[in-house]
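Let's take a walk through the charged side chains of this one. Have the viewer open and follow along.

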Amino acid sequence: MHDRPIIALDFPTQKEVAFFLEKFPKEEALFVKVGMELFYAEGPAIVRWLKEQGHDVFLDLKLHDIPNTVEKAMTNLAKLGVAITNVHAAGGVRMMQSAKEGLIKGTQPGAKVPELIAVTQLTSTSEEEMHHYQLINVPLETSVIHYAKCAEKAGLDGVVCSALEARGIQEATKQTFICLTPGIRPAGSAVGDQQRVVTPKHAREIGSTYIVVGRPITQAENPYEAYQEIKKDWSGK
């Protein structure tokens, strides 16, 4: 597991991100998530700026398209030097393989290829919704583990899943396979639009590799204090 919780920078502009980050010590190297809202507003420049500040970036764009398009997109995204990026597992093994090939092609000589993970089922999706809208009739955990095995077959480093599925995925895949888990909420906090949520401590106990935390930190009265409490709960230190 990685000690630093990944902070979801779910803000609409770089200006708001900068205001938020001012609440943290300048020397604190964070691991942050840039999602669609922020990336579509600010473009690649937001990733370069965050890296200049000394932060690691999980670029959460969930690519899902034909293999050729995803490969070319990943070749461009690799040039940003992010730590992690992702695709949708529902795109299939060939698409995931092409994504990995694109990342390798686009990574600068001597640089580390970003970890590539696949979204299984969104943590906002309930089992009932999966059955009704996706017409997937197996249990949700079975669907998630199937996607994880497909991602492993495609040569990916891991998946995005609920922490509730992490143990089952680890039993079905290699020991180093990543389980990055959003839907993390400290005890007593509101779950918002998430369905399958756990506390940081519980995520650690059941096998998460990385956790992603958004509103419990970004909307806290004291974000740095909230971050430290979640980090302590997650790391067990």
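**Salt bridges across the chain**

Lys100 is buried, at a relative accessible area of 16%, because the cut-off for that label is under 20%. This is a predicted model, by the way. Lys100 pairs up with Asp157 in a salt bridge, with 3.1 Å between the closest N and O atoms. Asp157 sits in the loop between helix H7 (140-153) and strand S6 (158-160), while Lys100 belongs to helix H5 (residues 93-106), so the bridge ties together parts 57 residues apart in sequence.

Another of them joins the side chains of Lys33 and Asp10, at 3.5 Å from N to O. Here, too, distant parts of the chain get linked: Lys33 is in strand S2 (residues 31-35) and Asp10 in the loop between S1 and helix H1 (14-21), 23 residues apart. Lys33 counts as buried at 9% relative accessibility, whereas Asp10, at 47%, counts as partly exposed. Both residues also belong to a network of salt bridges that links Asp10, Lys33, Asp60 and Lys62.

Now head for strand S3. Asp56 meets Arg4 there in a salt bridge of 2.6 Å, N to O, through their side chains. Asp56 lies in S3 (residues 56-63) and Arg4 in the segment before strand S1 (6-8), which puts the partners 52 residues apart. Asp56 counts as partly exposed, with 30% relative accessibility, and Arg4 gets the label partly exposed at 23%.

Conventions. Residues are numbered from 1 along each chain as its sequence is written. This is a predicted model: local features need pLDDT of at least 70, side-chain atom pairs count only at pLDDT 80 or more; totals for chains, interfaces and linings use all residues. Side-chain values use heavy atoms; hydrogens and water are left out. A salt bridge is a side-chain nitrogen of Lys or Arg within 4 Å of a carboxyl oxygen of Asp or Glu. Helices (H or I, at least four residues) and strands (E, at least two) are DSSP runs, numbered from the N terminus. Buried means under 20% relative accessible area, exposed over 50%, partly exposed in between (1.4 Å probe, protein chains only).
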